[in-house]
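I opened the model to look up a few things. My notes follow in the order I checked them.

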Amino acid sequence: MPKPPLLLAYAHPDDETFGSAGTAAHYAALGHPVYLICATRGEVGQISDPALATPETLGAVREAELRCAAEAMGVEEVIFLDYRDSGMVDTAPNADPRAFINIPAEEVITKLVGIIRRIRPAVIITFDPTGGYGHPDHLAIYRHTLAAFHAAANATQFPALGTPHQASRLFFAAITKSFFQAWGEEMQKVGVEAEQDDPIMEQMRQLGYEDDQIDLSLDVSEYLERKWTAFQCHRTQFSADDPMNRLDLAARRRLFTVEHYLLAYPPLDLGAKLTDLFEGLS
Ligand SMILES: [Zn+2]
């Protein structure tokens, strides 16, 4: 009996590794086909080392980096939606008509419904309603995936896109306040002083979830090495001299062995924490 598919929907190459690399590797190893949607190629992200890419080549380089990470995770197929990275909030790339945030919802949802009806996942994962730290593309993929999750199940919507499919569960990947705390401590240990005036870090601290808000904490310690390999694939984001590469094994274990999720659908109080994305699903 084939295992039910898992579909991850993120915005940029490397989003998947931070939030869900261990999860993807875990379920792939158990025989679940794992699919990864990436809305953009992260074209306006940072370039850690100018030897790796130019602003013109960054999209293609990051596509290759994502494919490298996908292989480390055992992902079956990477699906690009082919939109452009919109950049951080209030930056010039926001205005590019190709930017993901400027694409009409109907167009994106149509693509996502087509993918969901083709793959027919039992479980879908995307960003939480804060987009982790409020990146406009993270919020957009969250919004469109949520809409497509329901639209894919509705026979009256997009009838030309194939047989309706109701995925059993929708999860939001969530970052906890305790993670940000631990991250700050470990970064300090490798010589990175807390940046008091870093607005993204400040926003992150405010946005993290309390541990008791989390519906499922997946222990992925068995896949820590695969997750680390996936990080290493994203070279333009974490060069050899990135402080992250100075984290020792104990720090990596502390930061990356548990991945957290909120259950977004069905809207049920299950009465207990879940221990598995597919728990109780046949
Ligand atoms: Zn991102």
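**Disulfide.** I took a disulfide to be a pair of cysteine sulfur atoms within 2.5 Å. By that rule I get one disulfide. Cys68 is joined to Cys233, with S to S at 2.0 Å. I read -60° about the S-S bond, so the link of Cys68 and Cys233 is left-handed. The pair links distant parts of the chain, 165 residues apart, with Cys68 in helix 2 and Cys233 in helix 8. Helices are DSSP runs of H or I with at least four residues, strands are DSSP runs of E with at least two, and both are numbered from the N terminus.

**Ground rules.** This is a predicted model, so I kept to pLDDT of at least 70 for local features and 80 or more for side-chain atom pairs, while totals for chains, interfaces and linings use all residues. Residues are numbered from 1 along each chain as its sequence is written, and side-chain values use heavy atoms, with hydrogens and water left out.

I call a residue buried under 20% relative accessible area, exposed over 50% and partly exposed in between (1.4 Å probe, protein chains only). Cys233 is buried at 8%. Cys68 is partly exposed at 35%. Cys38 is buried, at 1%.

**Zinc.** I counted as donors the N, O and S atoms within 2.8 Å of the metal (3.2 Å for Na, K and Ca); water is not among the atoms, so a site may look incomplete. The zinc ion is coordinated by His12 through ND1, Asp15 through OD and His138 through NE2, at 2.0 to 2.1 Å. Along the chain the donors are spaced H-x2-D-x122-H. Asp15 sits in helix 1 (residues 15-29) and His138 in helix 5 (residues 136-151), 123 residues apart. Asp15 counts as buried at 8%. His138 counts as buried at 2%.

**Sheet.** I let two strands pair if DSSP finds at least two bridges between them. Seven strands form an open sheet, ordered 3-2-1-4-5-7-6, with mixed pairing. Which strands stand at the edges? They are strand 3 (77-83) and strand 6; each has a single partner strand, so one side of each lacks a neighbour in the sheet. The twist averages 25° from one strand to the next. For angles I used axes fitted to C-alpha atoms, for helices over the stretch in contact, running from 0 to 180 degrees between N-to-C directions.

**Strand 6.** Strand 6 covers residues 216-219. Leu216 and Leu218 form its covered face, Ser217 and Asp219 the uncovered one. In a regular strand the side chains alternate between the two faces of the sheet. Four bridges join strand 6 to strand 7 (residues 258-265), and the two run antiparallel. I found Ser217 opposite His260 and Leu218 opposite Glu259.

**Helices.** Contact here means heavy atoms within 4.5 Å. Helix 3 (residues 105-119) lies across strands 1, 2, 3 and 4, at about 165° to strand 3. In helix 8 (residues 224-233) the buried residues include Leu224, Trp228 and Phe231. The buried residues of helix 8 pack against helix 1, helix 2 (58-73), helix 9 (249-256) and strand 7.
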